[in-house]
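Me: Please go through this structure with me, taking the fold, the salt bridges and the surface in turn.

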Amino acid sequence: RNSKLLAELIRNASSILFSPRVKSQVVPNTPKLRAQSAIKLSQVEGAKIYAELKREVEAAGILDRDYKYYTLLSLLVFTGFSASLYFVIISSNFFMYLASGLCLGFFTVQVAGLMHDCVHRSIFKSPKVNDFFGYIVSAIGGITYNDWKGNHERHHANPNAEEEDPDINLPLLSFSRERYLSKKGVSKILRKYQAYLYYPMGIL
């Protein structure tokens with residue numbers, strides 16, 4: 001019964017969100033929608049639905065690890081990172097140095113992506129093996145694994161919550177009206193340009 005209820009809720013939500021007839025973000029307040037929004041689940045009922053859904057997802061193989069994919073990806077990333085770093089070190093030509101630097105930046109991001117997947121336990125079944133590989137990858141990328149792991153877990157525990165999500169607790173940037181209006185000094189001067197400064201600041 002609970003799984004049917006969840007499936008019905010998902011179908012209804014999908015039909016509302018992805019219907020081509022919906023031209024605005026305001027959903028009509030119809031009796032049917034009011035009835036659907038009135039459905040309340042206890043924590044126990046929600047846990048049962050989640051457990052049943054998880055079993056179905058696992059049975060379908062959606063969460064199976066793809067070792068071949070990660071093996072090929074790791075070889076490509078580490079080869080590209082090493083080659084880029086090598087050419088950055090030996091290059092005497094400015095354009096060669098610039099191209100190698102851009103490649104090194106690209107592959108460094110890919111190294112961080114592997115570390116991210118280790119934190120999410122996506123590469124190996126064993127949490128310890130994921131962490132072990134994560135330490136190796138983070139060392140190559142020059143990142144402290146435990147610090148980044150802690151920050152990323154806090155991000156997922158409090159997504160987009162100011163003062164709680166470290167991913168949006170950034171200097172000079174505002175993600176809410178309250179923080180935007182509270183800026184002082186240099187932050188106040190630069191706040192109206194933050195849309196243009198976001199990516200350049202990320203390079204720092």
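The questions and answers below follow that order.

This is a predicted model, in which local features need pLDDT of at least 70 and side-chain atom pairs count only at pLDDT 80 or more, while totals for chains, interfaces and linings use all residues. Residues are numbered from 1 along each chain as its sequence is written, and side-chain values use heavy atoms, with hydrogens and water left out.

Me: How many helices does the protein have?
Reply: Helices (H or I, at least four residues) and strands (E, at least two) are DSSP runs, numbered from the N terminus. The pattern along the sequence is α-α-α-α-α-α-α-α-α-α. There are zero strands, and the number of helices is ten.

Me: What percentage of the residues in the protein is buried?
Reply: Buried means under 20% relative accessible area, exposed over 50%, and partly exposed in between (1.4 Å probe, protein chains only). The protein has 204 residues, and the buried ones make up 23%.

Me: Which residues are linked with D131 in a network of salt bridges?
Reply: A salt bridge is a side-chain nitrogen of Lys or Arg within 4 Å of a carboxyl oxygen of Asp or Glu. D131 pairs with R121, the closest N and O atoms being 2.7 Å apart; D131 lies in helix α6 and R121 in the loop between α5 and α6, so this pair ties together parts ten residues apart in sequence. D131 also meets K149 at 3.4 Å, N to O, and this pair links helix α6 to helix α7 (residues 145-157), 18 residues apart. The network therefore joins D131 to R121 and K149.

Me: Is R179 buried or exposed?
Reply: R179 forms a salt bridge with E163 (3.1 Å, N to O). The pair links helix α8, which holds R179, to the loop between α7 and α8, which holds E163, 16 residues apart. E163 counts as exposed at 58% relative accessibility. With a relative accessible area of 10%, R179 is buried.

Me: Which helix gives the most to the nonpolar patch?
Reply: Patches are made of residues with over 30% relative accessible area and no salt bridge, like charges being joined within 9 Å and nonpolar side chains (Val, Leu, Ile, Met, Phe, Trp, Tyr) within 5 Å. L85, Y86, F87, I89, I90 and M96 form this one, with about 580 Å² of accessible area together (Shrake-Rupley method, 1.4 Å probe, only the protein chains shown counting as cover for residues). M96, partly exposed at 39%, is found in helix α5 (residues 94-119). Five residues come from the helix that gives the most, α4.
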